[in-house]
Amino acid sequence: MERGYSEIDLAEYIDQAVLQPTATLEAVQQACGEALRYDFPAVCVYPWAVSTAREALQGKVPQVCAVIGFPSGASTRATKVYEALEAVENGARELDVVINLGWLKGGDTERIYQEMAEICEESGQTVKAILEMAVLTEGEKRLAAEVCLDAGVSFLKTSTGWFGGATVADVRLLKDITRGQVGIKASGGIRTPQQALELIQAGATRLGTSRGVDLLRQREAIAFEDKE
C-alpha cells in the first residue's frame with residue numbers, strides 16, 4: 001500500500017552529497033555532522049575526501065559513499081576499478097559509479113557489463129550504477145539498467161545531477177524494470193520536499209542531494225504553517 005506524504009520520513013532516504021568541485025574538507029565535515037544529526041543513510045563525497053568522512057562517521061549510522069568516474073564515466077576501466085578499490089581501502093562502504101555513456105551510445109554493452117561486474121566483485125561493497133538518464137533515449141535507459149542489473153549492482157541511480165536531474169517518470173521506469181530487485185536512487189535537482197516525496201512515491205529508495213537539511217527544514221516549516 002502506498003504511504004501518504006505525512007507517513008514518509010525524508011531523512012531515511014537522503015544521501016547527503018558534497019560534490020561541488022570547490023568543496024573543502026570543512027564542507028565535508030559539516031555534511032557528516034548533518035548526517036549524524038539527522039541519521040541520513042550516507043554522505044556522498046569525492047574519493048579524496050573519503051578518509052575525512054570515515055573519521056567523522058566511524059561506527060555511526062551514515063555510510064561513506066564515494067563517487068567513481070564522476071561525473072562523465074569516461075575514465076578507463078582500470079582507472080575506475082583502482083579508484084573504487086582505493087576508496088574502499090580508505091573507508092567507503094558505498095560506491096556511486098558512472099557508467100561509460102560512450103560505450104552505451106555505441107552499443108558496446110559488454111564492456112559496460114565487464115566494468116561494472118568487476119567493480120562489484122572486487123570491491124565487495126554496495127555499488128550504485130549512475131545511468132545519467134537525462135541524456136538517454138528510453139531504449140538506452142532500459143538497456144543500461146538491464147546490463148547493470150546483470151552485473152550485480154545494488155542500486156540504479158538516475159543521474160549525477162550535472163546534465164539533468166531526477167524525474168518521476170524515470171524513477172517509475174526503473175521501478176518497472178527492477179521489480180524490487182535493487183534499490184533506486186533519484187539524484188539531481190531535488191529542491192523541494194514535494195519533489196522529494198513524489199520521487200519516493202514513484203519508487204525511489206534513496207535521494208541524492210546536497211540540500212538534505214534544507215529539505216527537512218522546508219518540510220517542518222510547511223507542517224508548522226498547516227497547524228496554524
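**View 1. The largest nonpolar core of the predicted model.** This core comprises 70 residues, of which Leu95, Ile99, Met116, Leu131, Leu156 and Leu207 touch the most other members. Helix H6 makes the greatest contribution, supplying 6 residues. A further core of 10 residues lies apart from it and includes Ala42, Tyr46, Val67 and Phe70. In soluble globular proteins, nonpolar side chains tend to be buried together.

**View 2. The surroundings of Met116 in the core.** Beyond its neighbours within four places in sequence, Met116 is in contact with Val97, Ile99, Val127, Ala129, Cys148, Ala151 and Val153. Ile99 is, like Met116, one of the core residues that touch the most other members.

**View 3. The buried and exposed sides of helix H7.** Helix H7 spans residues 168-178, and its buried residues are Asp170, Val171, Leu173, Leu174, Ile177 and Thr178. Viewed down the helix axis, these residues fall within an arc of 160°, and therefore line one face of H7. An α-helix has 3.6 residues a turn, so residues three or four places apart point the same way. Ala169 and Arg172, on the other side of H7, are exposed. The cover over the buried residues includes helix H6 (138-151), strand E6 (155-157), strand E7 (183-187) and helix H8 (193-202). Arg179 follows H7 and has a positive phi, near 50°.

**View 4. A nonpolar patch on the surface.** Val135, Trp162 and Phe163 make up this patch, and together they have about 290 Å² of accessible area. Phe163 is situated in the loop between E6 and H7. With a relative accessible area of 45%, Phe163 is partly exposed.

Conventions
Residues numbered from 1 in each chain as written. Predicted model: local features only at pLDDT ≥ 70, side-chain atom pairs only at ≥ 80, totals over all residues. Heavy atoms only, no water. Buried < 20%, exposed > 50% of the residue type's maximum accessible area, 1.4 Å probe, protein only. Helix = DSSP H or I, 4+ residues; strand = E, 2+ residues; numbered from the N terminus. Arc of directions from axis to C-beta. Contact = heavy atoms within 4.5 Å. Patch = residues over 30% accessible without salt bridge, like charges linked within 9 Å, V, L, I, M, F, W, Y side chains within 5 Å. Areas by Shrake-Rupley, 256 points an atom, 1.4 Å probe, with all protein chains shown as cover. Salt bridge = Lys/Arg side-chain N within 4 Å of Asp/Glu carboxyl O. Core = buried A, V, L, I, M, F, W, Y, C linked by side-chain atoms within 4.5 Å.
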